[in-house]
Amino acid sequence: MKYIAILGSTGSIGKNALSVVETHADEFKVVGLAANRDVDTLEQQIRRYRPGLVALNDATAGEKLRTRIRDINGTQVLTGSEGLQAVATMPEASQVLDGMGGSAGLLPTLAAIDAGKDIAFVNKEVMVMAGPLVNTAVKTNDVNLIPIDGEMSAIFQCLEGARDRQADIHRLLITASGGPFRSVPKEDLYAVTPAQALQHPNWKMGQKITIDSATMMNKGLEVIEAKWLFNIELSKIDIVVHPESIVHSMVEWTDGSTLAQLGPTDMRIMIQYALTYPKRLSAPVPRLDLREARTLHFEPVDFEKFPCLTLAYTAAEVGGTLPVVLSSADEVVVAAFLNAAIGFMDIPAILERVMDAHVVIREPTLSDILEVDQWAKSTANSLIKKHTKIAIGNQPSAIS
Ligand SMILES: NC(=O)c1ccc[n+]([C@@H]2O[C@H](COP(=O)([O-])OP(=O)(O)OC[C@H]3O[C@@H](n4cnc5c(N)ncnc54)[C@H](OP(=O)(O)O)[C@@H]3O)[C@@H](O)[C@H]2O)c1
């Protein structure tokens, strides 16, 4: 029996993780859950899984939850960042599934690693912000960090048995579906609405990552994540657009051989593998049958149409705190786009402005990273307030 704490249990990854736990109730038991403020979902999860400790970041929501579960014995409710860290470090858990999105996951992730927990890891923003710090903590505490994100899990699986043979890798090929606007001309992207951008062709995910997929920022963040996760130089990481999302990513070796991982578009497979690694268990997901007539397409990525990709490569090349700025400002501009405060093409335009205004710290400490995170968010917020609603109709953004 493996005892698991899930950060971000009320989100898309968290719910899928609980479904995996339920499928293999003889293998896994949930001992801790944490979220931001979704009282209704967390209450249902408490009633179903009976964890000993739960946390909500939002104190008011936490108070409401305490009242709601008065009839339940044995579940303690904590709040705020201390609450999240308590779940991340609880002695009963041997593995922490980090499904909390964004910069909010940074401190709980580091706390879990420092507490010696193996990590089932999906929060790419944490790796983008603090890859070197996370890697050092993983090494110092001798824990496993096993990726869940489809592309990272695919590369992790292709590297099985060759994890320390970076010199034999010609390149990592991260696949990208291309998102909902792969075939939409660039000039039409100025008029895109949040509802249109939330229509991902292949995956059902949380709102932030779905918008990041539409701008292709998600792929840019994955490039930076892969650099740190697999300890590989940027020049050896490429993106290939693959609209069917069946090949989840590939490793091309120096001898010209390429290994690929294929599977259905169902996150439960990757979540389960991160929990059972190196074992595999059966999974109740639709199976991939390549005997059905299937065509797999691959094409180059359009950097001109998706400027977020260039911004991500710039952040990766410059390094230091620039990836923090990219990721943290992106959280704010994506939320502004979802609230219809800015247009779709204002996303890269505002991000570029914030990145240009930043003075990079080369080898940041944790406190540098936390400060830059706040700076990037407030700088992005001021730009949004100044330029609210500029991208109208087919007009190019006034910001760019
Ligand atoms: N969804 C996917 O299929 C997928 C695939 C690959 C990678 N990922 C990565 O997985 C991460 C999560 O994505 P998601 O799609 O599952 O997101 P999501 O559906 O938006 O869920 C986010 C979860 O994190 C919690 N959370 C957010 N901010 C928090 C805070 N400040 N304190 C505590 N909890 C907080 C949310 O709680 P509330 O519900 O209370 O707000 C929710 O439980 C992201 O890094 C994403 O890039 C996701």
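Which backbone atom of N36 lies 3.0 Å from an oxygen atom of the ligand, and of what kind is it? In this predicted model, the atom concerned is a backbone N or O atom of N36. Taken alone, the ligand exposes 890 Å², and the protein buries 84% of that area. Two further polar contacts involve ligand oxygen atoms. An N or O atom in the side chain of T10 is 2.6 Å from one oxygen atom of the ligand, and a polar backbone atom of G11 is 3.0 Å from an oxygen atom of the ligand.

The ligand is surrounded by 25 residues, of which T10, R37, D38, E125 and G206 are the closest. Sorted by class, this shell holds 11 polar, 9 nonpolar and 5 charged residues. Helices α1 (12–23) and α6 (124–141) each contribute at least two residues to the shell around the ligand.

## Aromatic pairs

Across the whole structure, 5 aromatic pairs are found. One of them joins F181 and F344 in an edge-to-face arrangement, with 5.3 Å between the centres and 80° between the planes. This pair links distant parts of the chain, since its members are 163 residues apart. F181 belongs to the loop between β8 (169–176) and α8 (194–197), whereas F344 belongs to the loop between α13 (322–338) and α14 (346–356). F181 counts as buried because its relative accessibility is 5%, and F344 counts as buried because its relative accessibility is 1%.

Y277, by contrast, is partly exposed, with a relative accessible area of 21%. Together with F156, Y273 and Y277 make up one aromatic cluster.

## Charges over aromatic rings

The charged end of R163 sits over the ring of F156, at 3.7 Å from the ring centre. A further arrangement of this kind involves K227 and W228: the charged end of K227 sits over the ring of W228, 4.6 Å from its centre.

D346 is part of helix α14. With a relative accessible area of 0%, D346 is buried, because residues under 20% are placed in that class. A polar atom of the D346 side chain lies 2.8 Å from the backbone nitrogen of G343.

## Backbone geometry

The peptide bond joining Y277 and P278 is cis, with omega at about 5°. P278 lies in the loop between α11 (267–276) and α12 (307–318).

Positive phi values occur at two residues other than glycine, D142 and A340. In D142, phi is about 50°. D142 is located in the loop between α6 and β7 (145–147), and counts as exposed because its relative accessibility is 69%. In A340, phi is near 60°. A340 is located in the loop between α13 and α14, the loop that also holds F344. A340 is partly exposed, with a relative accessible area of 37%, whereas F344 is buried at 1% relative accessibility.

Note on methods: Residues are numbered from 1 along each chain as its sequence is written. This is a predicted model: local features need pLDDT of at least 70, side-chain atom pairs count only at pLDDT 80 or more; totals for chains, interfaces and linings use all residues. Side-chain values use heavy atoms; hydrogens and water are left out. A residue is near a molecule or strand if one of its heavy atoms lies within 4 Å of it. A polar contact is a pair of N or O atoms within 3.5 Å; within protein, one must be able to donate a hydrogen and the other to accept it, and residues adjacent in sequence count only if both atoms are side-chain atoms. Accessible areas come from the Shrake-Rupley method with a 1.4 Å probe; for residues, only the protein chains shown count as cover. Helices (H or I, at least four residues) and strands (E, at least two) are DSSP runs, numbered from the N terminus. Ala, Val, Leu, Ile, Met, Phe, Trp, Tyr, Cys and Pro count as nonpolar, Asp, Glu, Lys and Arg as charged, and the others, Gly among them, as polar. Rings of Phe, Tyr and Trp (its six-membered ring) pair if their centres lie within 6.5 Å; planes under 30 degrees apart count as stacked, over 60 as edge-to-face and the rest as tilted. Buried means under 20% relative accessible area, exposed over 50%, partly exposed in between (1.4 Å probe, protein chains only). A charge sits over a ring if NZ of Lys or CZ of Arg is within 6 Å of the ring centre and within 35 degrees of the ring normal.
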